[in-house]
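Reader: I'd like to go through the labels on this model with you. Can we take them one at a time?

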Amino acid sequence: MIWLFFAVFLYAYNFYVPEKYKGVLPENFKILKYKSLKDINFTNSLVLVSSDYLPFILKNNLKILTPVGVKKEYILSNIDSLSKIKTIANVDLPVKILLDKVNGNYKEVNATYEDFKSKKIDAIVVEKKPKNEDFYDFYLPNYGIVFTKYLIIYKNEIPNLKSINMHFEKIFDFKFKPVYLSLILTGYYIDRKVEFSKVLFENYYVQKEAEEKLRVAVTPNWPPFDIYVNDQLSGIGVDFFKLIAKKAGLNYRFIIVNYWPDVLKMIKEKEADITPNTSETQDRKKYALFSKPYYSFPLGIVCNSNAHINSFREIKKIAVGKDFTAEKLMKKYYPNLQYIEVKNVKEALELAAKSKDVCAVDMLPVILWNIQKLSLYNLTLVHKTSFKFNLQIMIRKDRPDLLKKINKAIDSLSPEEKSKIVNKYIGGVLKEENSNNSLVFIFVSIIILVILALIILKYRKSSMTDELTGILNRRGVIKEAKKISVESTLLFFDIDHFKKINDTYGHEFGDYVLKEISKLIKNSIRNSDVFGRWGGEEFVLILRGTKYKDGLKVAEKIRKIVENYDFNGIKVTISIGEAPFRGDLQNAVEKADKALYEAKENGRNQVKGIE
């Protein structure tokens with residue numbers, strides 16, 4: 001009788017759905033199809049709408065009962081940059097929000113996927129990315145654009161909404177966090193302040209999710225980054241995460257895991273949301289997102305002093321933690337060494353201390369800390385890597401909302417806050433006494449402090465420098481451009497068919513090309529010129545005090561230098577756009593970008609300018 005009453009109770013409500021909707025529908029409602037929201041009588045009615053109606057919902061003070069599903073969209077493009085797209089099909093609200101931010105000069109068109117494949121249009125929006133197709137793809141969630149597929153809305157207060165929601169829970173896929181993000185993005189897009197309490201029905205599902213704590217997986221056996229101090233979980237990495245979480249307003253709890261591969265498995269299977277001390281690798285990017293680096297250290301390789309290994313070239317075997325970032329980095333840069341996988345750093349160091357042909361590797365502070373703690377003073381530092389271990393926060397793949405908050409918090413970290421955390425733990429080592437090995441201990445401590453001092457001193461410079469190429473990054477270019485008071489010329493250029501280079505020869509070769517081109521151009525320009533990597537394969541060069549016509553000559557010279565250079569037997573070319581620079585960097589870049597687009601359209605490997 002109760003269920004019969006509930007069914008009759010639900011049948012008192014209309015449930016409107018779009019004519020083309022083919023998904024699951026709730027039973028015991030009056031199901032009505034509609035073409036336009038103008039056709040709907042909202043009295044005792046619930047309406048299923050696409051998230052494209054969010055501006056309409058906000059402007060007409062409608063309320064959202066619950067979301068349905070999540071949009072997973074790709075922009076497929078024949079052009080390598082969103083900012084260069086001129087024509088695009090299947091545009092919806094999330095795509096408009098993204099493109100209006102990065103491209104103010106695109107046109108929406110009616111076209112098919114076949115039109116896109118035949119390159120009649122630049123781009124098309126799809127929900128599923130086709131396999132084995134040669135095009136560029138841009139996944140919207142990677143840009144922080146996350147929307148629900150549909151929303152169930154209502155206008156006037158309806159009795160027993162909580163009971164209706166219980167009924168809906170069994171039918172629809174509830175994802176509340178994308179609702180908040182999509183409301184924020186839409187409010188920004190239409191320049192309207194969004195008050196969640198007035199838009200969202202405050203049901204217990206939302207409350208439950210809001211109170212849920214993020215699960216942060218940590219292995220407390222990686223000092224000085226993850227470690228127990230006085231029965232409290234601490235360490236450089238843990239303290240960095242606590243500070244970042246506080247700035248980002250995150251509610252979390254730590255989960256203690258003893259074995260690092262288990263942490264990766266938990267992130268992959270969504271049993272944990274975050275792990276704070278790791279670094280991005282290609283295999284991990286398949287199932288996780290990564291924050292900006294919040295600190296970086298080189299790796300250190302130590303060997304038994306009795307083995308008489310005096311240089312890196314003499315090393316043949318290295319012990320390293322299984323699936324550790326150190327292992328990934330070493331295999332990437334030194335694939336020909338023999339690697340012995342162990343459970344943790346302690347095992348690696350103990351193996352190296354007992355052996356005359358096996359060395360050990362990990363992040364330098366970790367190595368030095370453990371040598372002192374384990375009293376393994378027969379180990380000696382043989383090599384410090386030129387590449388760095390970037391400390392990043394790993395986040396499960398379906399939480400781009402967290403990535404945005406965490407990156408914003410990382411950007412707000414000051415050099416003083418960073419050095420305070422690092423010195424707290426490195427300084428702690430110095431306070432411990434070891435009468436039997438005091439000289440060795442002092443030596444080890446000095447090495448740590450010297451390295452940290454150099455890192456801290458270089459922090460401000462590195463924030464303006466591109467890590468891969470060593471030239472200025474976008475922030476550095478913007479800063480230096482402000483210092484130029486004379487009329488100059490700006491060159492904006494990128495590498496032709498760079499995606500194909502990466503796909504054909506691998507990302508390591510792509511990195512090699514970026515570094516070589518940076519060296520070639522840096523050696524071909526004056527010290528007074530401003531040269532930097534704008535992003536990806538795009539570069540900016542400001543020729544200080546150079547007139548437009550003379551700039552064309554310089555651009556052509558640079559183009560030929562690259563064209564004639566031997567990139568290990570592979571031909572690489574660049575296309576260049578030129579524009580005058582009169583103090584307005586954004587305006588000059590936009591003009592030069594249009595000229596670059598013209599160079600691309602005319603066949604690439606050439607210079608075009610807009611005066």
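Author: Val 320 has Glu 341, in strand S19, as its bridge partner. The model is predicted, so local features need pLDDT of at least 70 and side-chain atom pairs pLDDT 80 or more, while totals for chains, interfaces and linings use all residues. Residues are numbered from 1 along each chain as its sequence is written, and side-chain values use heavy atoms, leaving out hydrogens and water.

Reader: What makes S18 and S19 a pair?

Author: Pairing takes at least two DSSP bridges between two strands. S18 (residues 317–321) and S19 (residues 338–342) run parallel and are joined by 5 bridges, so they count as paired. Strands here are DSSP E runs of at least two residues, helices H or I runs of at least four, numbered from the N terminus.

Reader: How does the chain cross from S18 to S19?

Author: The chain goes through helix H11 (residues 325–333), in a right-handed β-α-β crossover. Right-handed means that, with the strands pointing away from the viewer, the path from the first strand over the helix to the second runs clockwise.

Reader: Why is H19 called oblique to H20?

Author: H19 (residues 498–505) and H20 (residues 507–522) pack at about 135°, axes 6 Å apart. Angles under 35 degrees are roughly parallel, over 145 roughly antiparallel, 65 to 115 roughly perpendicular, and the rest oblique. The angle of about 135° therefore makes H19 oblique to H20. Angles run from 0 to 180 degrees between N-to-C directions, with axes fitted to C-alpha atoms, for helices over the stretch in contact.
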